[in-house]
Amino acid sequence: RQMLATFPDEHPISMQVFGNDPARLAGAAQAAEAAGADVVDLNCGCPVPKITKSGGGISLMQEETLFAQCVNAMVRAVRVPVTVKMRLGFKRGENRAIRFAKVAQDQGAAAVSVHARSQAERHEGAPDLVGLAQVTQSVGIPVFGNGGIRTYGDVQAMMAAGVAGVLVGQAAIGNPFLFLEFLSAWS
């Protein structure tokens, strides 16, 4: 419950949940909404063994029917938009995200975020921008790109893949001024 605490000036807030049980995910989405989340995100991208061994994270991309049930249960449980974060697949060159983004869209997800690497690559190597572009072209909902963003040039390259926006994670932890650098380069 402590992780759900927010402050009034933090909005908009997206809260992310993970798991593989539709009813529990629906309950988690409701708890996030009740805590003030403006968006609830289903994590289907985490490659870390402590998450995947329980069937969460990218493991949920192994079974399309269960994935669909999880997204659908969350969408039906809350009034706020539900989004899904995923990876391209389990190994380099695989693009399961095309199919899973379509399923997410069909189940009512408002958007998807795609880490443009595989589970095997984790956070190493260049993102697969061709694979990411294939996902953006396959659905009508917004697709956000993620993975390997360290410079404004990286942002521009990912945006050229047709994404609606770019998510930055690890690079911002290492350089909290990164967003100011992006803003300066954009101006």
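1. Phenylalanine 67 makes contact (heavy atoms within 4.5 Å) with Cys44, Leu60, Val84, Met86, Phe100, Val103 and Ala104, when residues up to four places away in sequence are not counted. This is a predicted model, in which local features need pLDDT of at least 70 and side-chain atom pairs count only at pLDDT 80 or more, while totals for chains, interfaces and linings use all residues. Residues are numbered from 1 along each chain as its sequence is written, and side-chain values use heavy atoms, with hydrogens and water left out.

2. Phe67 is also among the residues with the most contacts inside the largest nonpolar core, together with Leu42, Val84, Met86, Val112 and Val114, and this core has 51 residues. Such a core is a set of buried Ala, Val, Leu, Ile, Met, Phe, Trp, Tyr and Cys residues joined through side-chain atoms within 4.5 Å, where buried means under 20% relative accessible area, with a 1.4 Å probe and protein chains only. Helix α3 (residues 64-77) gives the most to the core, with 8 residues; helices are DSSP runs of H or I with at least four residues, strands runs of E with at least two, numbered from the N terminus.

3. The buried residues of α4 are Ala97, Phe100, Ala101, Val103 and Ala104. They lie on the same side of α4 because they cover an arc of only 160 degrees around the axis, taken from the directions from the helix axis to the C-beta atoms. These residues pack against α3, β3 (82-89), β4 (111-118) and α5 (129-138).

4. Alanine 101, in helix α4 (residues 97-106), has a relative accessible area of 0%. Leaving aside neighbours within four places in sequence, Ala101 is in contact with Met86, Val112, Val135 and Val139.

Notes: Buried < 20%, exposed > 50% of the residue type's maximum accessible area, 1.4 Å probe, protein only.
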